[in-house]
Amino acid sequence: MNPCELMDAVRHIAFGAGRKILDVYEQGFTVTDKEDRSPLTEADRLSNEFIVHELENLTPDIPVLSEESAPAAPETRRGWSQFWLVDPLDGTKEFISRNGEFTVNIALIDGDRPVLGVVYVPMVGVCYSACRGGGAFKQKSECRPDPIRARAFAGGKPIVMASRSHAGPETAAFLASLGAHDTVTMGSSLKACLVAEGTADLYPRLGPTMEWDTAAAQCVVEEAGGRVLDAQGRPLTYNKPTLRNPWFIVCGAGNTDWVRHLPGS
């Protein structure tokens, strides 16, 4: 299956999930804690139910793995050649704090790499999308999607995206190693998308993340000409036994060696 043939349908699924999220956002909500003590709202649940239902109708033979669904066992996942990887509300802390920096993330994984990715920002109606070999795009509301390209660092002070909710000493050490730079803090997968569109040069994430946090945005970044690399300079891969990501750096086009700034490198 050519993943690009599914792009329009997946965008519309993300738009529908965004409407579910905004309905809760506007009406008020309560917050509970999951077993790992991360927050959960009604918006997470409604978005998840909608996306899973729509993807199962769209591609009945492709399994769906979502942050908010019961996880499939590693031995089951080993038999998946393709699967949908979903974060129905990325940036729940941003949702709770009402700063608008939350997204809907939907990715299609083929083997161990993302081949389709949609990142939708409900508060501003902006959608980033990409499919393998088809390029990366940014779309505002119902307007025509426009192609985006990551930029190559041309020297001077890099613009660095940093997590609003998950900074730590390792990130501070990385930034110190860079020297002079400008930092922009933001929540959710938006940080990677700003690298993809050429607004920023890099985004280091030196803390815990899960596969559903990164897959959709990684596809957008890579199709825009950027890279998502682990501490060994290799692209992030998926369907690992633990579903946890290692440290990674999202960076733009070009050959600048940002990995060398990682603590311990």
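Cys 193 is buried, its relative accessible area being 0%. In these terms, buried means under 20% relative accessible area, exposed means over 50%, and partly exposed lies in between (1.4 Å probe, protein chains only).

Cys 251 is likewise in no disulfide, and the nearest cysteine sulfur, that of Cys 193, is 15 Å away. Cys 251 is buried, with a relative accessible area of 1%.

## Basis of the values

This is a predicted model, in which local features need pLDDT of at least 70 and side-chain atom pairs count only at pLDDT 80 or more, while totals for chains, interfaces and linings use all residues. Residues are numbered from 1 along each chain as its sequence is written, and side-chain values use heavy atoms, with hydrogens and water left out.

## The disulfide

The structure holds one disulfide. This bond joins Cys 4 to Cys 131, with an S to S distance of 2.1 Å. The link of Cys 4 and Cys 131 is right-handed, with 100° about the S-S bond. Cys 4 lies in the segment before α1 (7-27) and Cys 131 in strand β7 (residues 126-131), so the pair ties together parts that are 127 residues apart in sequence. Helices (H or I, at least four residues) and strands (E, at least two) are DSSP runs, numbered from the N terminus.

## Exposure of the bonded pair

Cys 4 counts as partly exposed, at 27% relative accessibility. Cys 131 is buried, with a relative accessible area of 6%.

Note on methods
Disulfide = S-S within 2.5 Å.
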